[in-house]
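Could you take me through this model in the viewer, one selection at a time? I would like to know what to pick next and what is there.

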Amino acid sequence: MFLRKAIKIEKSAFRKTVLQTTNFTLWIFILSILFLLGNLLLKVSTYGIETGMRSTALTFDMLSKPLFSPLIWSSEPKSNVLHFVVNFSVYYFLFTLGFWMKQYFKVVGTVLLLVFFIATGIWYYVYIVSNSVI
């Protein structure tokens with residue numbers, strides 16, 4: 001991506017980690033959009049426009065709900081922008097910390113990133129399964 005050259009040129013470790021996190025976030029965003037477009041095209045070509053739009057809207061809702069959910073399960077269940085800002089701030093801070101630690105301590109940074117990936121996967125899995133059961 002366009003940030004790859006900027007990451008290689010950058011000398012400061014902190015700026016480099018912020019650019020790596022931004023690059024990673026952009027890739028997640030782009031792949032999510034491509035996933036939703038693929039879902040839309042597949043459903044529209046198979047079942048028609050109305051069913052395809054409804055299915056893609058439900059998929060988008062299912063994938064975006066954990067982003068707006070509270071980090072504490074006992075907190076109020078309403079979704080809002082404050083939860084999104086807090087979730088994204090925690091995500092960005094932990095990924096930047098993981099990429100920063102990976103530059104100095106390869107194993108510790110990699111383990112931190114791996115643990116965060118696993119925790120994020122568990123968060124999505126539990127949230128999606130709990131919504132599908134309800």
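## A tour from pocket to helices

Four helices, α2, α3 (49-64), α4 and α5 (106-133), each give at least two residues to the lining of the largest pocket. Keep in mind as you look around that this is a predicted model.

**Stop 1: the pocket.** Show the largest pocket as a surface if your viewer can do that; its volume is about 1000 Å³. To find its centre, select Ile28, Leu63, Leu67, Tyr91 and Tyr124, the closest to that point of the 27 residues that line the pocket. Now colour the lining by class: 22 residues are nonpolar and 5 are polar, with no charged residues. Which helix supplies the largest share of the lining? That is α2, with 8 residues, so let's follow this helix next.

**Stop 2: α2 against α4.** Select residues 13-47 for α2 and 81-104 for α4; their axes come within 8 Å and cross at roughly 125°. That angle makes α2 oblique to α4. The crossing of this pair is right-handed.

- On α2, pick Ala13, Phe14, Lys16, Thr17, Val18, Gln20, Thr21, Thr22, Phe24, Thr25 and Ile28.
- On α4, pick Phe88, Tyr91, Tyr92, Phe95, Thr96, Phe99, Trp100, Gln103 and Tyr104.

Coloured by class, this contact of α2 with α4 shows 12 nonpolar, 7 polar and 1 charged residues.

**Stop 3: α2 against α3.** The crossing of α2 and α3 is right-handed. Again, show the side chains helix by helix:

- From α2, the contact uses Phe35, Leu36, Asn39, Leu40, Lys43, Val44 and Tyr47.
- From α3, the contact uses Ile49, Thr51, Gly52, Met53, Ser55, Thr56, Thr59, Phe60 and Leu63.

By class, the contact of α2 with α3 holds 9 nonpolar, 6 polar and 1 charged residues.

Definitions and conventions:
Residues numbered from 1 in each chain as written. Predicted model: local features only at pLDDT ≥ 70, side-chain atom pairs only at ≥ 80, totals over all residues. Heavy atoms only, no water. Axes fitted to C-alpha atoms, helices over the stretch in contact; angles between N-to-C directions. Parallel < 35°, antiparallel > 145°, perpendicular 65-115°, else oblique. Left-handed = near helix turned anticlockwise from the far one by under 90°. Contact = heavy atoms within 4.5 Å. Nonpolar A, V, L, I, M, F, W, Y, C, P; charged D, E, K, R; others polar. 1 Å grid on protein atoms, 1.4 Å probe; cavity = no way out; pocket = protein on both sides within 12 Å on 5 of 7 lines; lining within 4 Å. Points joined across faces, edges and corners; volume = space filled by probe spheres on them.
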